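Please look through the structure below with the ligand site in mind, and then turn to a strand pairing.

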Amino acid sequence: TASSAESVLKAVATAKNIAVMTSGGDAPGMNANVRAIIRAAIYKGCKAYAVYEGYSGLVKGGPEYIREMHWNDVRGWLAEGGTNIGTARCMEFKERWGRSAACKNMIDAGIDALIVCGGDGSLTGADLFRAEWPSLIKELHETGKITTQQYENHKHLNICGTLGSIDNDMSLTDATIGCYSSLARICKAIDYIDATANSHQRAFVIEVMGRHCGWLALMAGIATSADYLFIPEKPSSHKDWSDHMCEIVAAHRARGKRKTIVIVAEGAIASDLTPVTCEDVKNVLVDRLGLDTRITTLGHVQRGGNAVAYDRILATMQGVAAVDAVLEGTPEIPSPMISIIENKIVRKPLVEAVKLTKSVAEAIRSKDFAKAISLRDSEFVEHLHNFMAMNTADFREPSLPVEQRKKIAIINVGAPAGGMNSAVYSFATYCFSRGHTPYAIHNGFTGLARHDAVRTLDWLGVEGWTSIGGSEIGTNRKTPEEADLGTIAYEFSKYKFDGLVLVGGFEAFVSLNQLEKARANFPAFRIPMVLIPATISNNVPGTEYSLGSDTCLNSLVDYCDAIKQSAAATRNRCFVVECQGGNSGYIASYAQLCCGATASYVPEEGMSLTQLAQDIETLKVSFANDQGKSKSGRLILKSEKASDVLTTKTIADIINSEAKQRFDAKTAIPGHAQQGGIPSAIDRTRAARFAIKAVQFVEQNNDIACNAENEFGEFLNSPAVSNTACVLGIERSHVKFTAIRQLYDYETEEGKRVRKNIFWKDIRDISDLLVGRVSVGH
Ligand code: ATP
C-alpha cells in the first residue's frame, strides 16, 4: 500500500517537510488526525514528521522527539483513543528561550511547516511562535547557531491548527476533535445511572468535565433529559440557585418522575462567581427535598476509549485540510485553523478564534453572562434555550397566549432510526412549554387509516424516551395514498390538527409530497407540514444529515473494529462486510473513512471487475509487505445494492481464489443490527434541535397554510403556500427548510429513492487516498 500510494503522488512544487504535534489534554480522534496529516502529506509529495510529547518534544528536539514518519507507521491509528505521539503541558515553551530552542530544533530537522492539534492554549502558543519566528531565526543566525543557508531556507514558518479538545470550548467552530466521543461516554454512563436511579427513586449529581465551558454538560443534559444543569456560562439568574433547582426538581417529582439527574460541569459557578460543587448540590437535594442523593464524578473515563465515528471523520477531514492549508500558506496569510460549521469543513483565522475564546472567560470573570453566552457559537445558545424550554420551563405558565396555542401532530414513517423517540420527546415537551397540545399518531399512516391511532402525549408518558432506540409510537412504511388518503384527511379534520411533523426517511418524504399535492382536494391538509429526516440511509433530498445515520454508522464502525481485530489476530485475513443503505452508499462510504477499509463499493458507482481486480492487487501487495507481522486486519465494505452479480459471497470467493492461500477472505453481514441500538448522542441532540425547529415552523407558517383559499373555499396555490410544506435539513453550513415541491420535482432521482446531488463524493476520494486505493474510474 505504501509504495502504491507514494507512487501516485504528484510532486508539488511547494513540497514541504511537514510536522504534526498533539498538545494540551488528549482527546479521542487525535490519532486519526495525525494519521490523516501524515498520509496526506506523503501523498502530496512532502516528508512527514511527528513531534513527540507536544511542545516539550519541540524544545528538546533531536531524532528522539522529531521523527520522520512513513505510511505504515500510522496503520491502525484511526480507531485508537488518546494520542500515540504523546502530549504534554510544557512551561518552557511559554518562555522565549524555550521557543528559541524549538525554532533551532525545527530548523535542524529541516521542518518548514507545523500542524498543531490541540486546544486554545496550544494554538495560542503556535501563533505566538509563528509571529516571533522571524526574530527568532534572525537571532539564531546572528549568534551563529544556524547557517546562512538555513536562515534563507526557513524565513517563514507555516502553521495550521486542528482542533483537538474534548471540551469543545473553541470559538468559530461547531465541534472539536474528541468532544462527541467524550459526550458519548457521558451519555452511556448516565444511561447506566438512570436505571439504578429509577429503581431506588434516587437523585444523582453527576460531575462532567468542562472547567471553562459547559458544552459537554449542556449536550449531555439534552441527550439524557436531565432535570437540571450547572454550567460556567449560565449560572442560575435566580438570587439563590438552590431555590430554582428545588422548584424544578420538586415539580418533576410531583408529576410522577421517579429519578432526578443533575449535571454539574467542573467549572460550574453561581452568579456571584463562587463555585457550585457536587457536594453543595447534593446537600440541597438531601436537606430541602429529602431525596436519597449520590454523587458520581465521571473523571477521566470521559477522555478514554476509541473515537466515535463523528470524531474520526472530523479528525480525518481536518487533517487533510490542514495539509492543504500549510501547502498554500504564505507569509501574508494569517495562520489558519481548520473548523467545522454544521457539515462543512472551513478555514478560520486562528488568532481571531483564540481571541474570541479567551473573551468568553473574560466575560464570565466580569459577570457578563449574557455576553459569555453570546460569544459561544449560535448552536450553543440555541441548545441552551432548548434545554430550558424542554426541561426547566414551568408548564403551568406556557409562553404563548391562549389564542396562539395549536394542536400539533407527530407521526413516524418508514423503518426505525435512532433519534425518533428523542424527536417525539422534544416535540412534546417543547409543545408543553409553548402551550400547544401535542398528538402522537401511532403506527404511521396505516395506523391512522384504521382509526383510534391518535393520542395526546403526556409528560410522564414520554419521560426517558431520549435514550430509547426504535420508535415508541410505532412506525410504518405505508404512504397516505397507500393507506387511504380520504380516511387520513377525515382523521385530520376530526382532530382539527393545526400542524403536522413527520419523522422518517424516504417514505416520509414521499408521504409529505402526497399530502402537499392533495391540499387542493382536501382542506384538512392546508396546515403547515414539516419532515424531520430520519433514516440510516441518509438519502432524503434536502439534507446532508438524517436522524439515525450517526447511530447506524457507529454500530457499523464498532462492528468493523471488532472484526478487523479478529482479522488482525489471524494475521492474513480480509473481511468483506455487507452494509445496509438501500440505493444510497452513504453508510458504506463513511464507514470506509472511519475504519480505514481497503475499499468500499456503493450503488452510485456500481462495481466493475477491473476495480475489484485492482483492489485485490492492493490487498496482495499489502499482505506481502506485512510478511505476516502486521497487527492490522483488512476490510472491504460493500453496500448491499452495489451489484446484483458480484454478491458479498462472490467477492469473498474471488478474493480467496486469487489469494492462492497467501491470505483468505470471509464474509460478515451485520444486517439489522445497523438499525437498532441505543441512539447516539449526536442523533439525540440533533433530534431535539430539529423537533423544536419543526414546532417553530408550524407556529410561523400556520396563518399562511390555513388561509390558503379564496372566498369559495378553493385552494390558492402560491409559492408562499408551498413553502409551508417543507423538509428540515442541514445543507453544507446551514440548517434550512426547503419546500417539498422543489425537492420532489427537481432534486430527487426518479425511481431510485435517493437525492440527485451526492454530497459525500469528497469523502470517498479522501478515504481512498488515505488507504492508498487506486481508483480505475467508473
Ligand atoms: P485543553 O483544551 O485540553 O486544555 P490546551 O491546548 O488549551 O488544551 P493548554 O495546557 O492550555 O492546553 O496548552 C498546552 C500547551 O500549549 C502548554 O503547556 C504550553 O506549552 C503551550 N501554550 C499554552 N499557552 C501558551 C502561550 N500563551 N504561549 C506559549 N505557549 C503556550
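The paragraphs below treat the ligand site and then a hairpin.

This is a predicted model, in which local features need pLDDT of at least 70 and side-chain atom pairs count only at pLDDT 80 or more, while totals for chains, interfaces and linings use all residues. Residues are numbered from 1 along each chain as its sequence is written, and side-chain values use heavy atoms, with hydrogens and water left out.

Around the ligand there are 16 residues, of which Arg-89, Cys-90, Gly-119, Gly-121 and Ser-122 come nearest; a residue counts here if one of its heavy atoms lies within 4 Å of the ligand. Helix 5 (residues 120-142) is the main contributor to this shell, with six residues; helices are DSSP runs of H or I with at least four residues, strands are runs of E with at least two, and both are numbered from the N terminus.

A backbone N or O atom of Cys-90 is 2.7 Å from a ligand oxygen, and one of Gly-25 is 3.0 Å from a ligand oxygen. For Asp-120, a side-chain N or O atom is 3.1 Å from an oxygen of the ligand. Strand 22 (residues 725-731) and strand 23 (residues 734-739) run antiparallel, joined by six bridges; strands pair if DSSP finds at least two bridges between them. Cys-726 stands opposite Ala-739. The two strands form a hairpin with two residues between them, and Arg-732 in the turn has a positive phi of about 50 degrees.

Notes. Polar contact = N/O pair within 3.5 Å; in protein donor to acceptor, adjacent residues only side chain to side chain.
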